Amino acid sequence: MLYFVSTGLSLCYLLFAFLSALGVLQGVAARYHLGGLAFLDYSEHPRRGYALGASLGLAGALIYFVTQWAIILTPGPAGAELTILFGAAALVALLFTLILASPLQAKRCRTREARLPPRGGRVVTVGPARGRLYIPGDATAPMPAVCLLPAYTGGHGAACPNLSALATQLLEQRTVVLLVEPTTEAYSYPEALAIVPAATILLGKLPEVDPQHIVVVGHDLGGDLSIRSAGAPNAGQQVAAVVALAPVLVQAPVGLDLLREMPYCRALRWARNSRRAALRRELTALEYGAKIGPRPLLLVYGSEDRVVGNAAVESWHAQRVTVRGAGHLNLGDHPMALQAVVQWLKEHS
Amino acid sequence: MSIDWTLFQFFNGLAQRSPVLDTLIRVLMNDYLITTALVLFLFGLWFSGETREVRERNQLAVPLAVLSMFVGNLAIKWMNILFYRPRPFSSHAVRLLFYRPSDSSFPSNATSVGFSLATAVWFFNRKAGATMYVLAFLLGFSRVCGGVHYPSDVLGGMLVGTCAAYIVVKKLPFLTRVWTAVIHYLQRWLLA
């Protein structure tokens, strides 16, 4: 039988538990880089998360103990009632956090995107996909070219990172860049297999491009696609080298880890996107990686990436780079990753 | 019994000496602060862990700890039917810092709750379990200081809570399998 003794006490306890649970969520968001639970950007300043968490907990405790002190030392709600009150408060705190953190994280992502606008270029068709072709203005001699296959966004708008930052850097290094748009239509199987061959043909015909130095760079499923295309026996022979940024290869079990990368609603769509799962399964990039050699292959992973599974790629003729502090989706515009890729391309293209 | 009474007198003697110490004891012994802190620990544990494997272990600890608490509570209800021990203030002059609970003094229910939660967590995460043990001990100890339990009541609560958690975690492996399946299901909804 539930009595809840005093309405005031119960409501105050509810507020105390709610604020404390909010505080705990901010603390764990900061400690474990769960951006999907974070009210602020704790990636570089986790202490902000700890401070906010502690403040919320302290505020809840102060409100409760200061206002209810006299009643606290009298018979109060039973254990079962407290359990119900705490459970309700924790549930509401979790929902509140997920709802509030989603737009805040999306806003932080948009801010990052806004720093990387692709400028200029002309729209071209590459097989089933559309792309944007960038040629350095002062082209005199044939230059190396790079086809960029960004992460698959699942048809839910652009993910935070794409490869625009890399495109900008490569253009500055006097490289022709073809940036493919990762639409759902383009990233469908088997249509997607036509993208890289069409891109190499297009780039190879350009007078500004040295056809012996065409490289494919892919991120996420774009990485799987670049490996598959370059490793296929009758395709991609014109590809001089391959760079795969966090190729998925093996689907890791989904879970809270996705909240490290994106807001809850987007993460839920990402995890439950059947097209995405089917594309990874059909591309079977894990089988093709070993066939790319002797052409150079660079695999770049983020140390904080929990999205990609552990794939056995030791037998591959590949160079591996792990970027400290980078996750899965932000790997494409992480300064250290860009530096590693640009440097490697200088040596291998 | 005499050792119990001597220890009770010693710890209860700390009460009503200084308003600051009395307030501290009241803050620790009330029904809300430490119990809520322990449950908040469990709440945070659900989201904690650098790797998926560590987090799954932590998440397994949460429902099993809650279940241990209920098992401990049931055991105490059952013990109270068989045996009733009056509170220290019923038959002695004590320095009371709390209200006068009417239920049996032995074993301490609050201590049992704390130790059942801490022990269940200890089996999965030593660091978190140790911290919870400290909180649970403070809860029991402060209740002796506040005059509502004998030390043996707290000891009894520790034993009941620890045994309840041991039985739930170690002797009922099907519960672990059930909760593992639940956690895997919740992972699909990104809630675990």
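**Helix packing and a chain contact**

Trainee: Hi! Which residues of α4(B) and α6(B) meet each other?

Mentor: On the α4(B) side they are A61(B), L64(B), A65(B), S68(B), M69(B), G72(B) and I76(B). They meet N109(B), S112(B), V113(B), S116(B), L117(B), T119(B), A120(B) and V121(B) of α6(B). Keep in mind that this is a predicted model.

Trainee: What classes of residue does that contact of α4(B) with α6(B) have?

Mentor: Nine of the residues are nonpolar and six are polar, with no charged ones.

Trainee: And at what angle do α4(B) and α6(B) pack?

Mentor: The angle is about 150 degrees, and the axes are 8 Å apart. In this pair, α6(B) covers residues 109-122 of chain B.

Trainee: Why are those two called roughly antiparallel?

Mentor: Angles over 145 degrees count as roughly antiparallel. The angle here is about 150 degrees, so α4(B) and α6(B) get that label.

Trainee: Is their crossing left-handed or right-handed?

Mentor: α4(B) passes α6(B) in a right-handed crossing.

Trainee: Let's move to α3(B). How far apart are the axes of α3(B) and α4(B)?

Mentor: They are 8 Å apart, and the angle between the helices is about 145 degrees. Look for α3(B) at residues 33-46 and α4(B) at residues 52-82 of chain B.

Trainee: Which residues make that contact?

Mentor: α3(B) brings L42(B), L45(B) and W46(B). α4(B) brings N58(B), Q59(B), A61(B), V62(B) and A65(B). By class, that gives six nonpolar residues, two polar and no charged.

Trainee: And the crossing of α3(B) with α4(B), left-handed or right-handed?

Mentor: That one is left-handed.

Trainee: New topic! How many residues of chain A are in contact with chain B?

Mentor: There are 29 from chain A, in contact with 22 of chain B.

Trainee: Which element gives the largest share of chain A's side?

Mentor: That is α1(A), with seven residues. The elements giving two or more residues are α1 (7-31), α3 (79-114) and α7 (264-271) of chain A.

Trainee: How many residues on that side of chain A are nonpolar, polar or charged?

Mentor: It has 22 nonpolar residues, six polar and one charged.

Trainee: Last one: what is chain A built from?

Mentor: Chain A has 10 helices and eight strands. Its C-alpha atoms fill a box of roughly 85 × 40 × 35 Å along the principal axes. Of the 349 residues in chain A, 49% are buried.

Notes. Residues are numbered from 1 along each chain as its sequence is written. Chains are lettered from A and ligands numbered from 1 in the order in which they are written. This is a predicted model: local features need pLDDT of at least 70, side-chain atom pairs count only at pLDDT 80 or more; totals for chains, interfaces and linings use all residues. Axes are lines fitted to C-alpha atoms, for helices over the stretch in contact, and angles run from 0 to 180 degrees between N-to-C directions. Helices (H or I, at least four residues) and strands (E, at least two) are DSSP runs, numbered from the N terminus. A crossing is left-handed if the near helix is turned anticlockwise from the far one by less than a right angle, and right-handed if clockwise. Two residues are in contact if their C-beta atoms, placed from the backbone, lie within 7 Å. Ala, Val, Leu, Ile, Met, Phe, Trp, Tyr, Cys and Pro count as nonpolar, Asp, Glu, Lys and Arg as charged, and the others, Gly among them, as polar. A residue is buried if 20 or more other C-beta atoms lie within 10 Å of its own, exposed if 12 or fewer, and partly exposed in between; C-beta atoms are placed from the backbone. Angles under 35 degrees count as roughly parallel, over 145 as roughly antiparallel, 65 to 115 as roughly perpendicular and the rest as oblique.
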